[in-house]
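The exercises below concern helix packing and a pocket. Please work through each task before reading its solution.

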Amino acid sequence: MPAHTAPDATTDATSDGPGTPAEAVAPLVRGVGLIRRLTEAQGTLSASGLERATGLARSTVDRITATLARMGYVRLDGRDVILTPRVMELGNAYLSALRLPALLDARADALADDLDESVSLAVADLDGIRFIHQATRRRAMSLSFRIGDLLPAERTAPGPLFAAHWTDAEWERWRRRRAQDPSDAAFPAVPARNPSLPDDFERRAGQARRDGWAVDDQMIEPGLVAVSVPVRESGTGRVACVASVVSHTSRHSAHDLVETLLPPLRTAVAAMEADLRTAPPPQAGPAPAGLATWTTASKHELGRDFVESLARGLTVLTAFGEGRPSLTLTQVAQATGLTRATARRALITHEHLGLVSTGEDRAFTLTPRVLDLGFPPLSRLTLAALAEPHLRELAGRVGESAAMAVLVGARGAGPDTATEAAEIQYTAAATAGRVLTVRIAVGTRLPAGPTSLGRVLLADAPGPLPPALAQVRAQGYALADEELESGLRSVAVPVRDRAGRTVAAVNIATHAARRSLADCVSDLLPELRATADRIQTDLHTAAHFTHAERP
């Protein structure tokens, strides 16, 4: 396979024009470019907006978005094209293959708790730095960076620590980028560069090499300060990632960060490096299967509206993962079910786009740039926001109101006490287009006991349960028949996280004159369970390396 040079951090190699390898897959280049434009627009653009942003013909935009919708990567909502949590499986493949978040995020979270400051982990991405973990504090003034955000190395604390080991060619690439983009327009996660900032990055890199740590004193924006320490690989001493403590000047000056927070940061980094040394070898999970068959079937069903080469090219990225950080061409073909020729062209394209790289052993690895594909705007998605489109679709299908709630009351020492004290809070809702419909506002709190939502949530409590809740746990759903309000009848099921814990419940509510209890079980329950399954699938994808926060 011919070698291709990955584009610079400011280069957007998303058009099939000059410089594109002859064997590159043009629809894949265009599709990746479209996903990047959606990412830059925080996940939502109209079809006409995508036409303008990508420079593609409207018919091409429509075919690409139809393909991405079939893959579950976008949702078509009227005129808008909206990224969905499913697209995060591409970034999850990179983060799983990297392993660093899984091995180090608990240490970062604990440090954030101990210091009551935000803590981040970042890796090098050419002449930028990209976040792979964020442990932020909930304050009125808090850090807004997200997993996947790309920052210019020279305006950060991690940057000098990576640049301390750059080659002459890497420094030349950085100088070229700075000359071409003096205002940092190619880094949408940061404000435009202040011309008054000192241009002393090379000096700072030399200082970081000597000190073993680095500081950002308001180079991103006024008030933001950070101190960083490298986390090094066992044996090679290479910088695997950089851990940072981030604050603002009303809490700490840059000097104060060094004096008070650098010592505990160094202690945490030493523990992280010990974790890397003692980590067991990764266990490869099952590779994706049947991808080639799925894309062929979709092509037969949708015809020209399904761009098979785009779908196949994106599925190549999901061949990587934990225990599969580096794959040969043959292994990629085997994992995806694609022919070697198809897999080869997809890999050539991804290398051109900077999404994969090759080593001396001719094996392929994913690069941090895969996180460009939808991850940042979705990485702070709340469970309620994740559920809302599914609830709207459910309400539209069954013609009844649907809602999600979480348990907010105390679970007492005994099951009876817990039932009496607990409350539910509505976090998402969708109403049906009826004259007589159930309307309970988001944020409303109700006693848990007389509601179907509350019973499902209470049935997840550990230990013995009252008979009624034990039955709910056994059957997997709960009914409420006019116990909260005359005429109000509902059925609810749980929503579970990746560990199988019930984190929320969803229900359908109706008027008793429209549906009997038997109708609720026979007609509404299957639809409700299918919706809960879709919410769970999105939750499991979104929460793999992030916290799908409750509102």
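Predicted model: local features only at pLDDT ≥ 70, side-chain atom pairs only at ≥ 80, totals over all residues.

**Exercise 1.** Determine how helix H3 and helix H11 pack.

*Solution.* Step 1: helix H3 spans residues 58-70 and helix H11 residues 308-317; their axes lie 9 Å apart at an angle of about 50°. Step 2: this angle makes H3 oblique to H11. Step 3: the crossing of the two helices is right-handed. Step 4: in the contact, Ile64, Thr67 and Leu68 of H3 meet Leu310, Ala311 and Leu314 of H11. By class, these comprise five nonpolar residues, one polar and no charged.

**Exercise 2.** Classify the packing of helix H15 with helix H19.

*Solution.* Step 1: between H15 (residues 383-398) and H19 (residues 517-542) the angle is about 155°, and the axes are 10 Å apart. Step 2: angles over 145 degrees count as roughly antiparallel, so H15 is roughly antiparallel to H19. Step 3: their crossing is right-handed. Step 4: the H15 side of the contact includes His390 and Arg397, while the H19 side includes Glu527, Arg534 and Asp538. The contact as a whole divides into ten nonpolar, two polar and four charged residues.

**Exercise 3.** Characterise the largest pocket by volume and by the residues of its lining.

*Solution.* Step 1: the volume is about 1,000 Å³. Step 2: 34 residues form the lining, and Leu98, Glu233, Arg238, Val239 and Ala240 lie nearest the centre of the pocket. Step 3: elements that each supply at least two lining residues include helix H4 (88-98), helix H5 (100-115) and strand E9 (239-248). Step 4: by class, the lining has 21 nonpolar, six polar and seven charged residues.

Terms used. Residues numbered from 1 in each chain as written. Heavy atoms only, no water. 1 Å grid on protein atoms, 1.4 Å probe; cavity = no way out; pocket = protein on both sides within 12 Å on 5 of 7 lines; lining within 4 Å. Points joined across faces, edges and corners; volume = space filled by probe spheres on them. Helix = DSSP H or I, 4+ residues; strand = E, 2+ residues; numbered from the N terminus. Nonpolar A, V, L, I, M, F, W, Y, C, P; charged D, E, K, R; others polar. Axes fitted to C-alpha atoms, helices over the stretch in contact; angles between N-to-C directions. Parallel < 35°, antiparallel > 145°, perpendicular 65-115°, else oblique. Left-handed = near helix turned anticlockwise from the far one by under 90°. Contact = heavy atoms within 4.5 Å.
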